[in-house]
Amino acid sequence: MNPAPPAATAESPYAWARLVVSLALMTLGGAGMYAVTVVLPRIQADFDVARGDASLPYTLTMVGFGLGGILMGRLSDRFGVMVPVLGGSVGLGLGFIAAGAAQSLWQFSLAQGLLIGLLGTSATFAPLVADTSRWFTRRRGIALAICMSGNYLAGAVWPPVIQHFIDHGGWRQAYTGIGVFCLLVMLPLALVLRRRPPAQPGPEPATKGGHHPADAQGERPLGLSPGTLQALLCVAGVSCCVAMSMPQVHIVAYCTDLGFGAARGAEMLSVMLGMGIASRLISGWISDHIGGLRTLLLGSVLQGVALLMFLPFDGLVPLYLISGMFGLFQGGIVPSYALIVREHFSPAQAGARVGTVLMATLLGMALGGWMSGAIFDLTGSYQAAFLNGIAFNLLNIGIVLFLLKRARGTGAGQARAGVVTA
């Protein structure tokens with residue numbers, strides 16, 4: 001890869017401008033994740049299916065989103081980020097138009113899973129995160145947090161907008177309009193990303209949290225094989241996002257069941273993800289000081305606390321407050337995985353490694369979204385689904401504690417060997 005021109009160096013004004021464009025693209029692409037949660041009650045009624053079956057399109061979307069992240073990450077590593085984003089913009093737009101014209105649940109699910117998930121939204125997530133990580137060094141944590149805030153900004157903006165158009169024109173017209181809008185806006189924005197990131201030869205500087213990525217160039221990050229570390233991060237990602245998906249996917253349906261209406265649920269989802277934006281920015285600043293693993297542990301513990309709060313309270317005002325609390329507590333979790341990968345793996349593998357770990361988090365969202373609906377069908381309430389999320393959250397915390405113990409052991413071993421970090 002040729003070094004970027006002087007105007008396109010890391011931390012430059014161009015890098016920050018590029019970050020703004022990535023934020024906009026991720027916000028627009030995030031429509032693919034959140035539209036299906038808003039229309040879930042309408043899909044269930046239109047196609048006359050059970051709650052678990054109506055949750056299937058979301059599950060397929062997230063599975064496609066996750067698998068597409070690996071594909072798009074590899075394309076980004078090889079051809080630059082502009083190529084997958086251009087293709088994803090087309091896939092997303094056509095996917096919404098096709099889903100809006102679906103005459104059966106399987107047609108709707110296919111459009112969601114293949115066009116919107118696999119080929120569309122996936123291109124505006126992992127590739128943009130990996131690309132951003134290569135344009136920043138000293139401020140990488142906050143830059144990644146800003147970029148990935150687009151995912152939550154989408155959740156804050158899209159649900160009430162989509163609900164408004166559903167109420168006034170129906171979900172099919174809303175889907176078609178989103179598809180046309182994405183095609184018209186995202187394609188020109190993707191062209192801004194045509195420059196390649198600056199070259200990053202050699203080991204990177206240590207973070208303020210004391211985590212030196214020198215072992216990223218070696219063979220045993222945290223004293224583990226690269227495959228073992230990545231596998232543990234993937235299991236942790238699945239676990240934390242099974243827990244995360246319960247409120248995010250089912251809050252609209254939950255409010256409908258409680259008699260508050262879908263509009264109140266869409267507002268709670270907007271509050272939840274709006275607070276998630278603040279959480280991601282705060283967590284990004286924290287991660288620049290304490291590192292990715294400690295930030296992940298903090299977010300996971302707080303997410304568990306918020307999930308517990310859903311169990312005893314089901315009033316309208318408490319649910320608004322707990323939704324905001326949940327968003328504020330868990331918003332920094334997923335960006336932490338991207339930072340951990342960049343702290344312990346080679347930058348040349350950024351697209352594929354980040355894509356794989358983020359795929360695991362998305363598969364966790366997919367599994368949790370379907371699992372919560374299935375548990376509801378079995379039990380007739382969401383209480384058991386919340387308990388299921390809490391159990392998976394505890395598994396995630398256990399893995400993070402194990403990795404932190406390995407990190408301390410590795411650091412002590414380096415100190416005894418006289419290793420000096422920058």
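The structure is a predicted model, in which local features need pLDDT of at least 70 and side-chain atom pairs count only at pLDDT 80 or more, while totals for chains, interfaces and linings use all residues. Residues are numbered from 1 along each chain as its sequence is written, and side-chain values use heavy atoms, with hydrogens and water left out.

Charged pairs are described first. Side chains of opposite charge can pair when their charged atoms come close. A salt bridge is defined here as a side-chain nitrogen of Lys or Arg within 4 Å of a carboxyl oxygen of Asp or Glu. By this rule, the model contains 4 salt bridges. One of them joins Arg-139 to Glu-11, with an N to O distance of 3.3 Å. This pair links distant parts of the chain, 128 residues apart: Arg-139 belongs to the loop between α8 (126-133) and α9 (140-169), and Glu-11 to the segment before α1 (13-29). Helices named in this way (H or I, at least four residues) are DSSP runs numbered from the N terminus, as are strands (E, at least two). Accessibility is described in three classes: buried means under 20% relative accessible area, exposed over 50%, and partly exposed in between (1.4 Å probe, protein chains only). Arg-139 counts as partly exposed because its relative accessibility is 35%, whereas Glu-11, at 16%, counts as buried.

A salt bridge is also formed by Arg-18 and Asp-131, whose closest N and O atoms are 2.9 Å apart. Arg-18 lies in helix α1 and Asp-131 in helix α8, so this pair ties together parts that are 113 residues apart in sequence. Both partners are buried: Arg-18 has a relative accessibility of 2%, and Asp-131 has one of 5%.

The salt bridge between Arg-264 and Glu-267 has its closest N and O atoms 2.6 Å apart. These two residues are 3 residues apart in helix α12 (residues 262-290), which means that about one helical turn separates them. Arg-264 is partly exposed at 28% relative accessibility, and Glu-267 is likewise partly exposed, with a relative accessible area of 31%.

Aromatic rings were examined next. A pair of aromatic rings is described by the distance of the centres and the angle of the planes. Rings of Phe, Tyr and Trp (its six-membered ring) are paired if their centres lie within 6.5 Å; planes under 30 degrees apart count as stacked, over 60 as edge-to-face and the rest as tilted. The count under this rule is 14 aromatic pairs. Among them, Trp-171 and Tyr-175 form an edge-to-face pair, at 5.8 Å centre to centre and 90° between the planes. Both residues are in helix α10 (residues 171-190), where a spacing of 4 residues corresponds to about one turn of the helix. Trp-171 and Tyr-175 are both buried.

A stacked arrangement is found for Phe-310 and Phe-386, with 4.9 Å between the centres and 10° between the planes. This pair links distant parts of the chain, since Phe-310 in helix α13 (residues 292-310) and Phe-386 in helix α17 (residues 383-416) are 76 residues apart. Both of these phenylalanines are buried. Phe-310 and Phe-386 also belong to one aromatic cluster that includes Tyr-254, Phe-326, Phe-376 and Tyr-382.

Tyr-382, a member of this cluster, lies in the loop between α16 (350-379) and α17. Tyr-382 counts as buried because its relative accessibility is 2%. Although Tyr-382 and Phe-310 are 72 residues apart in sequence, their C-alpha atoms are 9.8 Å apart in space. With residues up to four places away in sequence left out, the contacts of Tyr-382 include Arg-51, Met-246, His-250, Tyr-254 and Phe-376, where contact means heavy atoms within 4.5 Å.

Tyr-34 is placed in helix α2 (residues 31-38) and is buried, at 2% relative accessibility. Its C-alpha is 9.4 Å from that of Ala-156, a residue 122 positions apart in sequence. Among the residues that Tyr-34 touches, not counting those up to four places away in sequence, are Asn-151, Tyr-152, Pro-159, Gln-248 and Leu-273.

Cysteines complete the description. The structure holds 0 disulfides, a disulfide being a pair of cysteine sulfur atoms within 2.5 Å. Cys-182 is buried at 0% relative accessibility, and Cys-234 is buried at 16%.
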